[in-house]
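Open your viewer and get ready to click along. Each stop tells you what to select and what to look for there.

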Amino acid sequence: MNTSKMKTSSPIGQGSWVERGARVLLGNYSRESLVFEKGKGSFLFDTRGDGYLDFLGGIAIHVLGHSYPSIVHAIQKQAQRVTHTSNLYYNIPAIELAEMLVEKTFADRVFFSNSGTEAIEAALKLARRFGNPRGRFEIISMENSFHGRTLGAMTMTGQQKVREGFGPLPEGFSYARYNDMDHVISQKTDRTVAVVVEPVQGEIGVIPATKEFMRDLRHWTHQEGILLILDEIQTGMGRTGALFAHELYGIVPDILVASKALGGGLPLGALLTTEHLSTFLPPGSHGSTFGGNPVSCAAGLALLKSLYDEDFLPTRIGVMSDYLWKGLSELSSRHKGKILEIRGFGFMVGVRVSSSAKEMKNQFLESHVLVNATGLSDDVVRLLPPVSVGYDEMDQFLNVFDRILERSPALKG
């Protein structure tokens, strides 16, 4: 699809919507002055009908792009049947999605929530229940990690700026250096019950864990009887080239937390774990009013089926992400000193640049391409395109990036 105008019926311009939104919505987000009305495939369209190539995907939500036909059909079909039942009863989409997640992963049991941060809270509670008989409740997480905005998830997040001003925080959390096994071990006490890690730290600049670190961490936690919790909220559902990124490391966690892409664009989170560990959250110990919502689960099931039935996993994601990485590598060669590193897996890519990533993000926006600027030093352009992206769309992105790099300075400062 090209970015030609898609005319809409909206009589109100972008500026009016922005003013109305700024007047009534809580100011806790730094929003662009953009109002999107429609999405299709790799593109979002604003209220004027202008198309934007979406290489951010709602921050890793849209693995198959916008309005993917099988997902839209599943949502429409389920919405006509039943939208909510409560967790006092079973519903068919939740059962079918849980069955497929069990079939495709290490897990025996699935708990559904509304979001990733809710699923993280469930993992914290499960771990603490597991350790309670032996007085173990402390959690080690990684410096610069990001796990969510609720109190427990925020406290576990290894970024001071995220926790600042919300104290007193729950006790029992410590932070180890990422990819530093000796520092993880140094944080252990007699009360340590679990270690939480993201296979790729997305929010801080798309930094992957090393294979050595992940394998040593799995081996050590096994030896110590400590649970290994993987936060795969951003890395899940095929984005890295495997259904979940831990498969790339050849390890199996005790608990896995998923969300973002899981619901095919609708709110859905999940905790995946073993039969044994699931017994530590018996009836009455935890819950989520909307968790396992039939419409969200129907969308998630359609997404999961499409990933396999349409050969996105394992073949198409590998082929198309290779094309993207090759294109980025060629840009790096052509613009010496302007791209310092390309990192990540599959369609979760961080491009470390020598100039301001925020300024680059703005230049992408001027060219109607959506990306994200991140990194500790404003030096990483984060790319999260849909795995369904076409060759023409990737060429369009690479051409825009080429022009931006042509104008950017070679070295910062």
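A charge sits over a ring if NZ of Lys or CZ of Arg is within 6 Å of the ring centre and within 35 degrees of the ring normal. Before using that, some ground rules: this is a predicted model, where local features need pLDDT of at least 70 and side-chain atom pairs count only at pLDDT 80 or more, while totals for chains, interfaces and linings use all residues. Residues are numbered from 1 along each chain as its sequence is written, and side-chain values use heavy atoms, with hydrogens and water left out.

**Stop 1: charges over rings**

Select R134 and F130. The charged end of R134 sits over the ring of F130, 4.8 Å from the ring's centre. Now pick K104 and Y308: here the charged end of K104 sits over the Y308 ring, 4.0 Å from its centre.

**Stop 2: rings meeting rings**

How many aromatic pairs does a search of the whole structure find? It finds eleven. To pair, rings of Phe, Tyr and Trp (its six-membered ring) need centres within 6.5 Å; planes under 30 degrees apart count as stacked, over 60 as edge-to-face and the rest as tilted.

Show F36 and Y52. Their ring centres are 5.3 Å apart and their planes are at 80°, so this pair is edge-to-face. F36 belongs to strand 1 (residues 36–40) and Y52 to strand 3 (residues 51–54), so the pair ties together parts that are 16 residues apart in sequence. (Helices, H or I of at least four residues, and strands, E of at least two, are DSSP runs numbered from the N terminus.)

Is Y52 buried or exposed? Y52 is buried, with a relative accessible area of 5%, whereas F36, at 31%, counts as partly exposed. Buried means under 20% relative accessible area, exposed over 50%, and partly exposed in between (1.4 Å probe, protein chains only).

F130 counts as buried, at 13% relative accessibility.

For a group of rings, select F55, F364, F397 and F401, which ring pairs link into a cluster.

**Stop 3**

Four of them form an open sheet in the order 1-2-3-15, with mixed pairing; two strands pair if DSSP finds at least two bridges between them. Strand 1 and strand 15 (369–370) stand at the edges with a single partner strand each, so one side of each has no neighbour in the sheet. Zoom in on strand 2 (residues 43–46) and strand 3: they run antiparallel and are joined by three bridges. F45 has G51, in strand 3, as its bridge partner.

**Stop 3: helix 3**

Select residues 69–81, which are helix 3. Which residues of helix 3 are buried? They are I71, A74 and Q78. Looking down the axis of helix 3, the buried residues fall within an arc of 60° (taken from the directions from the helix axis to the C-beta atoms), so they line one face. The face turned away from that buried side carries the exposed residues P69 and Q80. Show helix 4 (92–104) and helix 12 (294–309) too: the buried residues of helix 3 pack against them, where contact means heavy atoms within 4.5 Å.

**Stop 4: helix 9**

Finish at residues 211–224, helix 9. Its buried residues are F213, M214, L217, R218, W220 and T221. Among the elements covering them are strand 5 (138–142) and helix 8 (181–186). Just after helix 9, click G225, which takes a positive phi of about 70°.

Technical notes: The expected span of a helix is 1.5 Å times one less than its number of residues.
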